[in-house]
Amino acid sequence: MSLLTTKNIGITFGGLRAVDNFEITIEPGELVGLIGPNGAGKTTIFNMLTGVYQPTEGEIFIGDKKVNGKKPYQIVREGLGRTFQNIRLFADLTVIENIKIAFHKDMNYTMFEGVFRLPRYWKEEALITKKAIELLSLFNMEEDAKNFAKNLPYGKQRKLEICRALATNPKLLLLDEPAAGMNPLETKELMETIHFIRDKFQVTILLIEHDMNLVMGICERLIVIDYGMIIAKGTPDEIKTNKKVIEAYLGS
Amino acid sequence: MVALKDKSRDYSINFIAVILTFIVLMAVIKAGLINNYVEGVVVFAMINIIVAISLNIATGYLGQLALGHAGFMAVGAYTAGLFIKAVEYPKYVEMIIALLLGGLIAGVSGLIIGIPALRLRGDYLGIVTLGFGEMIRYTIINLGDITGGASGLKRIPKLIGLPEVYIVLVLVITFVFLFIRSRHGRAIISIRENEIAAESIGIPTTFYKVYGFFISAFLAGVGGACFAMYQRYLTPEKFKFMFSVELFIIVVFGGMGSITGTIIAGGLLAYITEKLYAYDELRLIIYSILLILLMIFKSDGLLGRSEFSLVRTPARIKHLFSTLKAKFGKGVA
């Protein structure tokens with residue numbers, strides 16, 4: 001069964017047709033890239049998939065469950081994690097607190113149990129602290145646990161955001177331009193990280209990216225959109241030689 | 001990592017400190033070292049601190065600009081006042097019910113206001129809460145048959161003194177402190193930090209905004225109930241917009257997101273107000289000057305977002321000394 005299926009989703013902002021007739025099927029374990037020129041509607045698609053925007057038509061399924069009309073926090077619970085193009089960390093909190101907040105949905109103690117510090121509070125807090133440290137150490141960031149997120153170098157902030165998304169235990173991870181603003185060395189490291197999380201967490205990845213080295217290097221399948229419509233689908237090699245894609249990027 | 005046995009030492013230190021303060025306070029009263037007037041000043045400062053802490057939940061932790069907390073305090077005060085005038089129970093039973101009831105009704109009014117208003121952000125939310133605060137006051141004025149209208153609610157039995165208010169204050173502080181350091185508190189702070197990110201990792205932000213606002217209004221109501229039971233008469237005049245601003249000043253002064261900062265600022269401002277009582281108008285000017293100075297030298301308030309900690313202070317002082325020593329030693333060498 002496919003992990004994510006969309007049927008003819010589209011969205012209109014006033015008179016602007018931002019995305020039209022977008023169809024995608026993602027199988028478990030895939031690493032898919034979504035590319036296109038600036039303003040093509042890539043982030044809008046992400047926002048529809050994660051419930052930030054409601055598509056004006058069409059249907060979105062996660063597994064066989066229809067998720068149209070669900071709020072972003074409900075879609076996270078269905079197993080869809082995401083990062084943002086412009087990093088959105090909890091800047092004034094420490095690294096470990098950033099991760100701990102992402103475990104919120106896995107915790108069950110009530111306000112009463114929390115305020116009176118009953119056994120379930122200690123048990124669950126100890127568990128998520130342990131899990132958070134484990135997760136950070138997988139990314140070699142356990143030494144930064146007590147640092148404020150805003151004080152991390154850029155590359156680590158990106159990593160932390162991915163880390164935080166992974167803490168929600170997603171089946172499908174949406175990465176919105178993870179390499180934006182990175183130098184070639186950081187990009188290379190990021191590629192390794194992406195491979196690593198895919199193997200380690202058995203997570204399926206859909207990513208938006210402009211860095212063609214990264215896209216061609218790690219994606220198994222690409223979807224190219226322009227003006228809100230799909231103009232090509234296929235393997236990186238097929239896309240490289242596709243006339244429409246070259247036109248969209250370079251102009252005819 | 002986090003476990004009860006690590007924390008129990010910290011908890012006991014704080015508990016002992018609270019008890020010691022209480023004993024000192026009682027001894028001072030019993031020995032007649034402070035008169036009724038000073039006691040009154042201290043009690044009103046404590047009540048202001050309770051309400052300012054409640055406001056700090058909405059502004060400092062939840063990150064929403066709320067300018068109508070005098071209104072919630074008024075709801076709590078009038079609820080408690082009307083309740084204890086109407087019933088005849090043993091003193092402490094009546095007091096506890098009045099506190100809870102005042103909090104509850106204020107909390108419910110917080111929900112009624114919060115559910116529509118929290119869709120707004122920043123200045124807009126500030127204006128709406130300000131308006132609602134004034135609406136509450138006008139409602140009280142116009143319900144003259146029940147509330148006594150503009151002339152006020154009189155002859156409320158005095159059920160509370162300095163020791164009781166102190167206990168309520170300690171309970172409120174303890175509650176907020178423990179609440180903020182639980183998963184619910186973290187969810188509320190994440191909304192302040194970045195609402196979109198919070199939503200994207202599974203925090204139902206609308207729910208937690210309303211929830212935080214409810215708790216904030218609830219505690220403001222508890223503060224109001226204390227006020228009613230100590231002051232013994234209530235007038236709508238007290239709960240004007242300027243009072244909301246005064247509370248806000250306490251929060252800003254102490255640091256948004258710092259409970260101990262609010263306590264210090266509440267005490268400090270009460271002291272300044274008292275010293276400047278003779279120059280009523282001038283007081284506001286000095287207030288403003290203080291705020292301007294604060295904005296220039298420490299724009300996030302006295303304590304910012306950090307807390308004063310009895311447990312960690314010795315270590316912090318030691319650390320300070322060792323760094324100073326290192327500097328000094330270098331200088332000599």
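**Confidence, sheet and interface**

Within chain A, confidence is highest in helix 3 (residues 95-102) of chain A, at a mean of 96, and lowest in helix 10 (residues 243-250) of chain A, at 85. The score is pLDDT, the predictor's confidence in each residue, from 0 to 100; helices (H or I, at least four residues) and strands (E, at least two) are DSSP runs, numbered from the N terminus. This is a predicted model, in which local features need pLDDT of at least 70 and side-chain atom pairs count only at pLDDT 80 or more, while totals for chains, interfaces and linings use all residues. Residues are numbered from 1 along each chain as its sequence is written, and chains are lettered from A and ligands numbered from 1 in the order in which they are written.

Chain A has a mean pLDDT of 92, with 100% of its residues at 70 or more. For chain B the average is 90, and 97% of the residues score at least 70. For the complex, the predictor gives an ipTM of 0.92 and a pTM of 0.91.

In chain A, four strands form an open sheet in the order 2-1-4-5, with antiparallel pairing; two strands pair if DSSP finds at least two bridges between them. Strand 2 (16-26) and strand 5 (65-66) of chain A each have a single partner strand and stand at the edges, so one side of each is left without a neighbour in the sheet.

Strand 1 of chain A is joined to strand 2 of chain A by seven bridges, and Leu4(A) has Ile26(A) as its bridge partner in strand 2 of chain A. Two residues lie between these strands in their hairpin, where Gly14(A) takes a positive phi near 60 degrees. Elsewhere in the sheet, two bridges join strand 4 (residues 57-62) of chain A to strand 5 of chain A, and Ile62(A) stands opposite Lys65(A) in strand 5 of chain A.

Helix 1 (residues 42-49) of chain A lies across strand 1 (4-13), strand 2 and strand 4 of chain A, and runs at about 65 degrees to strand 2 of chain A. Axes are lines fitted to C-alpha atoms, for helices over the stretch in contact, and angles run from 0 to 180 degrees between N-to-C directions. Two residues are in contact if their C-beta atoms, placed from the backbone, lie within 7 Å.

The contact between the chains takes 33 residues from chain A and 25 residues from chain B. On the side of chain B that touches chain A, helix 7 (162-180), helix 8 (183-193) and helix 9 (195-200) of chain B each supply at least two residues. Helix 8 of chain B gives the most to this side, with seven residues.
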